[in-house]
Amino acid sequence: MFLDNNRVFELLEKYGSPLYVYDEKILRQCCKDMHDLIPEQNLRVSYSVKANTNLEILKIALDEDLDADAMSPGEIYLEKLAGFPSNRILYMGNNVSPEEMQYAIDAGATVSVDSLSQLETYGQLNPGGEVCVRFNPGVGAGHHEKVITGGKRTKFGVQKEFVPEVKEILKKYDLKLVGINQHIGSLFMEPTPYVAGVKSLLEIAAQFPGLKFVDMGGGFGVPYHEGEGRLDLKETGRQLNEVISEFLKDYDNKDIVFKIEPGRYIACECSLLLGKVYSVKENYEKTYVGTDLGFNVLMRPVMYDSYHAVEIVKKDNVDAPTEIATIVGNICESGDIIAKDREVKKAEIGDACVIGNAGAYGYSMASNYNCRLRPAEVLIDMDGNDRLIRRRDTFEDLVRGFNT
Ligand code: LLP
């Protein structure tokens with residue numbers, strides 16, 4: 001909670017509800033944490049912008065000397081708008097059309113392909129070009145099966161047994177492999193699986209002399225539960241340094257760059273989501289606190305059963321005992337639950353509801369479901385001043401695509 005109670009109500013009053021609030025200081029610190037991961041090595045940090053694509057957040061990430069990865073032409077478009085030079089954008093296509101791949105090539109981004117057939121497509125579009133291949137190191141990790149992207153049960157990456165086929169296609173189209181990458185999944189809280197994935201990726205790298213970079217992927221976790229320990233970045237860095245140093249002993253290009261690709265770690269902890277309590281009721285012995293925080297605003301609890309810390313902030317700072325309540329939104333589905341059976345201050349109409357760690361995959365996964373308007377976003381800058389960095393949707397936004 002980087003906002004005191006009065007500021008919560010002040011911001012809701014000024015900008016309306018619901019509201020995503022970002023703290024620039026925390027955001028910048030998280031960028032620095034990632035830069036400092038492996039001080040001994042040639043490390044670049046690439047922000048995986050899918051976590052949060054607000055243009056102001058992108059500009060701050062750029063100002064903190066981060067590069068960017070992109071999963072779609074839309075992300076490339078936004079990154080360029082934010083000022084990222086194209087040679088600092090890595091586009092990771094996943095089952096994309098030739099037109100989409102061409103967009104990335106024309107934009108000047110480095111293109112990573114995710115399968116042998118997409119490597120063929122790349123070769124046909126850009127013979128003689130420079131390309132990157134995403135491998136699946138055979139190891140996965142993540143907070144939910146839906147976000148594990150390495151290992152034997154996922155659609156991602158090229159199996160390492162296919163290295164000879166990769167080489168054949170590279171030769172066929174005279175392509176230069178400039179990098180290889182992986183992403184084993186999202187949110188690990190201890191280094192073991194990530195380091196195992198990197199080890200495996202480096203075994204693949206060793207079979208491709210002259211690479212310019214190895215991109216080890218994102219997935220660095222942050223604690224969502226109150227009192228939960230943090231990912232030990234020092235220890236993670238130490239283990240990574242060991243594995244990388246071992247690899248470098250025999251590798252020809254000593255200037256090879258090692259990249260990481262954090263999304264959540266950069267954008268998560270700098271944001272709180274604010275909402276309002278509009279009803280409180282008992283339904284068959286359960287207390288429901290009804291808010292405007294439907295899953296159109298924050299999808300994660302419904303999509304992945306994710307836990308987010310929740311606080312009821314009392315209006316006028318009155319004191320209140322706690323109770324066990326389920327916090328729900330205003331969407332027309334019974335699954336619209338933001339937090340189940342939580343101990344919170346006894347809520348009343350007019351109180352505020354504050355959700356922690358909302359900056360990653362919060363607004364970026366928000367929608368207009370039920371024709372609800374996506375919320376506004378506000379930044380608290382380095383001097384503590386607040387300003388609007390994205391306005392709330394309007395009804396006009398709902399009809400933008402129609403021939404009315
Ligand atoms: N690189 C690639 C290729 C990725 O697919 C992802 C995330 C990342 C990097 C960044 O991962 P991170 O550092 O943020 O863990 N919506 C889910 C998370 C999905 C992650 C998808 N890929 C959630 O809300 O938990």
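This is a predicted model: local features need pLDDT of at least 70, side-chain atom pairs count only at pLDDT 80 or more; totals for chains, interfaces and linings use all residues.
**Aromatic contacts and the ligand site**

Ring pairs join Tyr20, Tyr22 and Tyr363 into a cluster. Across the whole structure, a search returns nine aromatic pairs. One of them is formed by Tyr20 and Tyr22, whose ring centres are 6.4 Å apart with 15° between the planes, and this pair is stacked. The angle qualifies because planes under 30 degrees apart count as stacked. Tyr20 has a relative accessibility of 0% and therefore counts as buried. Tyr22, at 1% relative accessibility, is likewise classed as buried, the limit for this class being under 20%.

Charged side chains are also placed over aromatic rings. Lys167 lies over the face of Phe208, with a distance of 5.2 Å from the ring centre. The ring of Tyr307 carries the charged end of Arg342 above it, at 3.7 Å from the ring centre.

The ligand sits in the largest pocket. Around the ligand there are 20 residues, of which Ser186, Glu261, Arg264, Arg300 and Tyr361 come nearest. In the side chain of Ser186, an N or O atom is 2.4 Å from an oxygen atom of the ligand. For Tyr361, a side-chain N or O atom is 2.6 Å from a ligand oxygen atom. Arg264 contributes a backbone N or O atom, which lies 2.7 Å from an oxygen atom of the ligand. The ligand taken alone exposes 580 Å², and 93% of that area is buried by the protein.

Conventions. Residues are numbered from 1 along each chain as its sequence is written. Side-chain values use heavy atoms; hydrogens and water are left out. Rings of Phe, Tyr and Trp (its six-membered ring) pair if their centres lie within 6.5 Å; planes under 30 degrees apart count as stacked, over 60 as edge-to-face and the rest as tilted. Buried means under 20% relative accessible area, exposed over 50%, partly exposed in between (1.4 Å probe, protein chains only). A charge sits over a ring if NZ of Lys or CZ of Arg is within 6 Å of the ring centre and within 35 degrees of the ring normal. A residue is near a molecule or strand if one of its heavy atoms lies within 4 Å of it. A polar contact is a pair of N or O atoms within 3.5 Å; within protein, one must be able to donate a hydrogen and the other to accept it, and residues adjacent in sequence count only if both atoms are side-chain atoms. Accessible areas come from the Shrake-Rupley method with a 1.4 Å probe; for residues, only the protein chains shown count as cover. On a 1 Å grid over the protein atoms alone, a cavity is a set of points where a 1.4 Å probe fits but cannot get out, and a pocket is an open set with protein on both sides within 12 Å along at least five of seven lines; lining residues have an atom within 4 Å of a point. A molecule sits in a cavity or pocket if more than half of its atoms lie within 2 Å of its grid points.
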